[in-house]
Amino acid sequence: MSVNGETSSITGFDASDHQPAFIFTPSAIEGAPERPAKRRRVGRTSAPDPTKHAQAFRFERLLNGLEDTECVGLREELFKRHWAKTEERIQSILGESNEDTLTKVTSFVQDVAPTEGSGIVPTGFIVTGPNIASQGLLFEQLSERLKTEVNGPVVTLRSGDAANLKAALKQLIRDATNQRAVNEDEGEGFFERDGRKLLNYDLEILHGFVKLHGSKRAIVAFQDSEAFDPGLLGDLIALFSSWMNRIPFVLLFGIATSIDLFRERLPRAATKCLFGAQFDVEQTSSVFESVFLKVIAGSEAPLRLGPALVSSLIERQHNHVQSIQAFISALKYAYMCHFYANPLSVLSDNERDSKSLLKLLQSEHLEAIRMLPSFIKLVENSVEKHEVTLARGLLEDDKVLLREVEKALDSATQRVITILRTMHVLSSAATGPVEKIDLYVRAFKGSLSDSDTVRAVLDSIKRMAPDALIAFIGRITKAVENGSPELDLEGWLGEETEFLKEITDIQGEVTSLVEEAVETGKPVRSQYAIHSQGLRTTVIAQKVQLSYEKSTLSKQDIKYTALIDRMSNLLKEYFTFEHPQDLFLNEVWLYDSLSPYKEVFTPGSRLAIEQSLSAPYHYLPGCKDTGDAFSSSKPATAILYQMYLESGSLINVSDIWTAFFSIVGGEESEGYDERTALMLFYRGLADLKLLGMVKPSRKKVDHLAKSVWKGL
Amino acid sequence: MASLFSLPNELVLNSLRSSFPCRDQQIRSLATLLSIRGAPPRNIVLHGLEATGKSAITKALLEALSSGPTNTTANGDSEEEHAEDNLRHAIVKSAECITGRHLLEQTVGAVASAVGWREGVRRCDSLSQLVVELGRLFEGWTSDRTDGAKQRFVLVFDGIDNQREAPPTLLPALARLGEVIPNLTSVFIVTAPRPNFLHFPGVPHIHFPPYTKAEILQILSLTDPSPKLPEGAKDTKDVWIRFGSAVWDSLAKHSGRDILSIRSVCLRLWPRFIAPVLEGTHSASQFSRLLLANRSLFQNDGVLVPSIVADTPTNPTPLPSSLQHGKYRGIGAQLPYYSRLLLVAAYLASFNPPRTDQVHFMKAAAAKRRKKGGGTALPKGRPGVTKHRKISRKLLGPQAFVLERMLAIFHAIEEDADLRAKAGRGRERTAGAADIQMAIATLATLRLLVKVGAANAGDTLDAGSKYRVAVGWEVVRGVARSVGVEAEDYLAE
């Protein structure tokens with residue numbers, strides 16, 4: 001008894017396999033003989049219209065189906081509008097990030113002069129880093145750019161297109177010759193030579209094409225060079241090199257690892273034919289940061305992600321993938337979830353004023369607002385402040401609530417911008433480089449004032465000499481004046497009065513102190529600086545030195561120390577602000593829900609299969625958890641899986657059948673007879689085989705090899 | 001009546017000889033065999049290693065001979081008789097032919113354009129069709145000849161021994177073309193002919209031996225090095241030849257002995273070699289001092305590896321030691337955390353024998369974990385076993401491993417890495433996650449893991465598919481340290 005003879009292969013599996021009969025559904029009206037589809041690619045096949053698909057999908061009515069259709073429409077419209085804007089911003093950043101590389105490569109392609117007769121192919125090596133997903137965009141942009149700026153065919157080859165030499169050449173020639181619309185009078189002359197039709201993998205065709213159009217370059221780009229078979233690549237390069245005297249080839253290789261590693265893999269004969277330049281693409285991490293700052297932290301971002309989600313996104317970037325594309329889709333998903341599932345998201349429409357938004361609200365909306373954690377916080381706060389009437393009003397009177405909502409909506413943007421400004425001031429005040437994403441997470445966690453950066457800044461002030469302090473204050477004022485283009489912040493010199501006045505005050509006083517010091521010839525130092533100097537300079541007579549220094553604190557020094565204390569307190573106060581997630585109605589503009597993201601973007605496919613096989617009662621209604629691993633109430637596959645787990649690496653089919661039958665069959669009334677049991681057994685084993693868990697073993701007759709272990 | 005046998009014009013040969021020095025004998029033999037009133041055989045085999053001038057000489061000679069009649073004016077009396085002689089040739093490069101059929105099509109195409117055939121050419125997908133087509137073409141060509149004039153066609157198959165997808169009968173069939181078609185000489189240019197590879201007796205072979213040192217230096221002296229010495233052209237040439245000799249002795253003698261590679265190495269090293277002279281610190285006349293000053297140039301055999309990227313002036317070819325260390329630093333830093341860990345796991349799976357896995361990776365055995373083979377002492381006294389174990393595992397190269405085993409090792413070392421490196425971070429559940437599978441697939445795409453066996457056998461992520469790691473110890477150690485794992489702790493040997 002073995003499943004060896006079964007001809008079940010995974011490739012042939014589809015949904016109709018479990019149907020009892022095959023149902024024939026004619027695709028077209030009978031009688032109309034359909035033309036067989038053309039085998040070669042005929043232009044662009046009519047792609048399914050995306051708008052048609054989108055129309056089929058509509059947002060659901062929320063609030064138990066009581067939501068107004070206008071609100072539903074508004075949510076959908078908001079999502080589309082906001083996402084379109086965000087995506088546009090992202091695309092422009094991505095485009096800019098590759099701009100440098102594109103320009104360099106284009107000028108290389110234009111300027112490179114092939115050495116006559118040497119057979120050396122000019123080559124550009126584009127080192128992209130191991131982020132394979134972004135190569136596609138880069139090469140798309142590259143081929144667009146090259147097509148417009150260089151006279152000649154541009155072909156991008158991917159490893160999937162090129163299984164062997166013939167296929168690669170076919171693809172190359174087809175793509176190259178399709179790039180110019182063929183004029184009527186020119187005809188497709190290059191497909192023939194002396195009345196002889198050329199084979200479709202003959203580079204003679206390309207030669208004819210190049211001659212006909214007078215192309216200066218024939219650019220062949222290998223998008224994922226590492227994934228190509230090195231032997232194939234070697235053949236191609238040797239072939240190109242041999243044609244160099246007729247076709248002006250220029251090669252471009254997208255390299256994910258490093259040039260040396262790439263060269264080592266190529267055959268020696270091929271590397272001899274290559275010579276060119278290396279181009280480095282901007283690293284993913286820096287692009288990532290600029291995208292992040294623009295679309296999540298930027299002042300114009302319509303929706304902000306909360307700290308938990310952001311740190312989870314960042315961690316995944318670090319641990320698993322490093323690709324902007326994954327991040328963008330996660331971001332889009334967050335937008336979708338927010339506007340799809342949150343009825344209050346209508347309030348985030350920034351094109352209407354809050355009055356007209358409030359008119360939209362139904363009583364259900366208000367009920368929903370009263371469920372919000374931020375509402376609870378608001379009420380608790382007002383109770384703590386002994387404003388009991390307000391608290392009661394919020395809970396009972398819709399008018400009071402609406403007034404409060406309006407207030408919150410009006411102030412929301414300003415509050416967020418305050419946070420962003422603080423971040424910007426902090427990052428420009430810090431002496432070393434700052435992790436801006438980390439700063440964002442901390443700011444939105446409300447723990448910015450405890451962060452290392454703030455502490456480092458405050459510590460550094462204490463040790464500053466007067467000149468350094470003046471420069472420091474200058475930096476802050478400059479940051480306020482100029483704003484931050486990264487975050488879309490404009491300068492806010494006119495708005496910030498108190499803080500700026502204070503620090504310019506300090507600056508003025510310090511300057512006068514310094515002037516005094518220059519006159520007297522004694523340097524001004526703060527108490528803290530002297531203290532640390534004393535510690536540093538003396539090793540033997542530490543105590544004596546310290547007391548000596550302290551006693552000579554001049555008047556200016558004391559004044560200066562007071563100034564520094566003032567500055568430090570001022571900054572500490574400035575960097576402390578309310579926890580954004582305590583703000584009333586932050587749920588409208590802040591999305592911080594982790595579980596939808598985790599479910600969609602980090603699936604545990606294998607884990608799910610193992611889980612469902614070992615505990616089917618979590619999934620199937622008819623199956624009860626009896627505590628017994630070999631309960632006969634489980635499906636046959638689950639029972640077999642349990643046996644599978646407990647067996648060794650080779651499974652005797654006869655033994656497992658006997659064990660299986662002893663559980664499923666039996667004399668009791670509910671047991672199956674042998675034929676049914678055998679059928680169940682076969683089906684279970686076939687399922688396991690389909691899941692790739694067992695395969696027929698060649699080591700022993702009538703044995704199955706176990707190939708998968710649980711929990712890996 | 002013209003003489004039946006006459007050698008080609010000496011002037012032609014002389015110009016050839018000057019452009020291809022040290023190939024005198026080969027040029028003469030080939031000219032005798034190919035010239036129209038020489039001793040034409042049906043087949044000629046030219047053989048010799050790469051870069052010995054086979055193809056270049058054949059091409060140049062044939063071009064000279066086919067334009068011969070106009071040049072024979074120097075040899076006044078024979079002008080009339082030879083005026084009608086007509087030698088044409090076609091060269092088919094096997095390197096440019098993708099399949100056997102492509103070769104046949106190319107042959108027909110080349111011959112058709114050589115004989116000036118104007119009508120259409122039919123498809124040609126088998127050897128017998130080739131014979132018919134060629135026969136038709138030659139018939140058209142020979143029909144309009146005048147009496148007494150000789151006509152000859154030379155068909156050159158360049159590199160025919162490396163033809164891709166060649167049918168097994170290709171070579172013998174091509175050798176017999178001359179039997180069917182009159183006035184045809186086929187020339188086969190091959191690297192190293194097997195005895196009787198044409199299955200045809202009495203084919204003249206001309207050997208192109210590799211150049212000796214003296215010959216190489218003679219040829220090298222024809223090249224002009226690019227930055228000239230200030231002393232003048234004669235001194236430059238002098239130093240260039242002595243420099244060439246030094247390069248041959250130190251670098252090229254053992255590897256890269258063919259003229260092309262030694263020339264490129266010389267040209268690359270030359271600017272750096274004479275840099276001290278140009279700066280004025282050394283004089284060109286003191287060659288041995290110059291040699292000593294540039295000692296490092298001749299010890300660095302990194303230059304023998306053809307570089308594929310232009311040396312930027314700020315970054316000259318790195319020294320071998322820095323080459324070794326700096327090579328992979330980029331990858332280790334750029335890969336995501338779990339990919340790095342997977343790479344380490346793959347290395348361990350490749351270099352540890354499966355039977356020691358229990359010692360290294362099982363939790364129960366953690367206390368007993370030992371370096372150098374662990375506790376599985378093999379029974380002594382069995383000579384076969386000890387002899388076998390003498391070869392270090394590292395020297396045997398990476399072994400194939402099953403994906404499932406690598407995953408198991410990954411989870412074992414992941415805990416360790418967590419303990420050491422990720423003290424602050426929360427532990428993430430990685431078992432059965434799709435992200436890990438994606439990381440494996442990415443590593444396989446980057447060919448840092450190489451799939452063993454047939455390319456299409458089984459899915460990339462099938463638990464049973466086998467892989468081999470494609471990075472070395474130096475890299476893995478660096479990568480492992482970056483994720484907080486000491487790879488030595490887990491290595492069997």
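Predicted model: local features only at pLDDT ≥ 70, side-chain atom pairs only at ≥ 80, totals over all residues.
Residues are numbered from 1 along each chain as its sequence is written, and chains are lettered from A in the order in which they are written. Local features need pLDDT of at least 70, side-chain atom pairs count only at pLDDT 80 or more, and totals for chains, interfaces and linings use all residues.

**Stop 1: β4 of chain B**

Select residues 184–190 of chain B, which form strand β4 (strands are DSSP runs of E, at least two residues, numbered from the N terminus). Seven of its seven residues are buried, meaning that 20 or more other C-beta atoms, placed from the backbone, lie within 10 Å of a residue's own. B:L184, B:S186, B:F188 and B:V190 point one way, and B:T185, B:V187 and B:I189 the other. In a regular strand the side chains alternate between the two faces of the sheet.

**Stop 2: its partners**

B:I44 has B:V187 as its bridge partner.

**Stop 3**

Move to chain A and its open, parallel sheet of five strands, ordered β2-β5-β6-β1-β7. The edge strands, β2 (154–157) and β7 (274–280), each pair on one side only. Neighbouring strands are turned by 20 degrees on average, direction ignored (axes are lines fitted to C-alpha atoms). Within this chain, β5 (218–222) and β6 (249–255) run parallel, joined by five bridges, and A:A218 is partnered with A:F249.

Methods
Buried ≥ 20, exposed ≤ 12 C-beta atoms within 10 Å, placed from the backbone. Helix = DSSP H or I, 4+ residues; strand = E, 2+ residues; numbered from the N terminus. Pairing = 2+ DSSP bridges. Axes fitted to C-alpha atoms, helices over the stretch in contact; angles between N-to-C directions.
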